[in-house]
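Have the sequence and the 3D view ready.

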Amino acid sequence: MAMFFQGDKVEVCSKEEGFLGSYYQAKILSPLNDNTVYRVQYKNLVEEEEKTRPLVEIVSADEVRPVPPPVTFTKATQVFHYLDSVDAFDNDGWWVGKITGRLGSKYWVYFETTRDEIAYPVSRLRHHLEWRDGHWILANDTFF
C-alpha cells in the first residue's frame, strides 16, 4: 500500500452503495493513525450545507490511490475497442465501465454497477488502470 503525504494529489475510490466503481480527485490534507486513514479534500465535490466549500472527509488508506499517469494519445491513436475497460468522467468523478460501441465521435460505455449505458466523447474517457503492488496495470495486465 502506498504512503501519501500532505499535499499529494490522489484519487479516492468510493465504497458507498450507488457510487461503487467511482474515483474522485482529491488532495491529502493530512495522514492520520500511521497512514491507515487520510484526511482529504475533494477537487470536485462540495459540502452539502455549504455548496461553495470543498468536501473534506476522513477515508481509509485502502480507498486512496495515486492519480493515474496521463496516457498520451494523438487523435488518430486515441481509440477504444469493444469491451475495453475505461473510466468515464461524469457526476464529478471517474466511473469504471466497458466500451460497448461507437457512434460517430462518441463511445457507448456500460456501467455494471448501475446497468446504465451512456455515450461519451473521447475527451471524457480514459483507459482504466488499476493500482496494484505499486504499479499501474491496464486491463491487459501491462505495467506502467
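Which residues does Glu 11 touch, not counting residues up to four places away in sequence? Keep in mind that this is a predicted model.

## Glu 11 and its surroundings

Glu 11 touches Tyr 23, Tyr 24, Gln 25, Glu 63, Val 64, Arg 65, Pro 66, Val 67, Pro 68, Trp 94 and Arg 126, leaving aside residues up to four places away in sequence. You will find Glu 11 in strand E1, which covers residues 9–13. Its relative accessible area is 0%, so Glu 11 counts as buried. The side chains of Glu 11 and Arg 126 are joined by a polar contact of 3.0 Å.

The structure contains five salt bridges. One of them pairs Glu 11 with Arg 65, with the closest N and O atoms 2.9 Å apart. This pair links distant parts of the chain, since Glu 11 is in strand E1 and Arg 65 is in strand E5 (residues 64–66), 54 residues apart. Arg 65 also counts as buried, because its relative accessibility is 6%, and buried means under 20%.

## Two further pairs

Lys 15 and Asp 62 form a salt bridge too, with their closest N and O atoms 3.0 Å apart. Lys 15 lies in the loop between E1 and strand E2 (22–32) and Asp 62 in the loop between strand E4 (54–60) and E5, so parts 47 residues apart in sequence are tied together. Lys 15 is partly exposed at 48%, and Asp 62 is partly exposed at 46%.

Arg 124 and Asp 90 meet in another salt bridge, at 3.6 Å from N to O. Finally, salt bridges with shared partners join Glu 11, Arg 65, Asp 87 and Arg 126 into one network.

Terms used:
Residues numbered from 1 in each chain as written. Predicted model: local features only at pLDDT ≥ 70, side-chain atom pairs only at ≥ 80, totals over all residues. Heavy atoms only, no water. Helix = DSSP H or I, 4+ residues; strand = E, 2+ residues; numbered from the N terminus. Buried < 20%, exposed > 50% of the residue type's maximum accessible area, 1.4 Å probe, protein only. Polar contact = N/O pair within 3.5 Å; in protein donor to acceptor, adjacent residues only side chain to side chain. Contact = heavy atoms within 4.5 Å. Salt bridge = Lys/Arg side-chain N within 4 Å of Asp/Glu carboxyl O.
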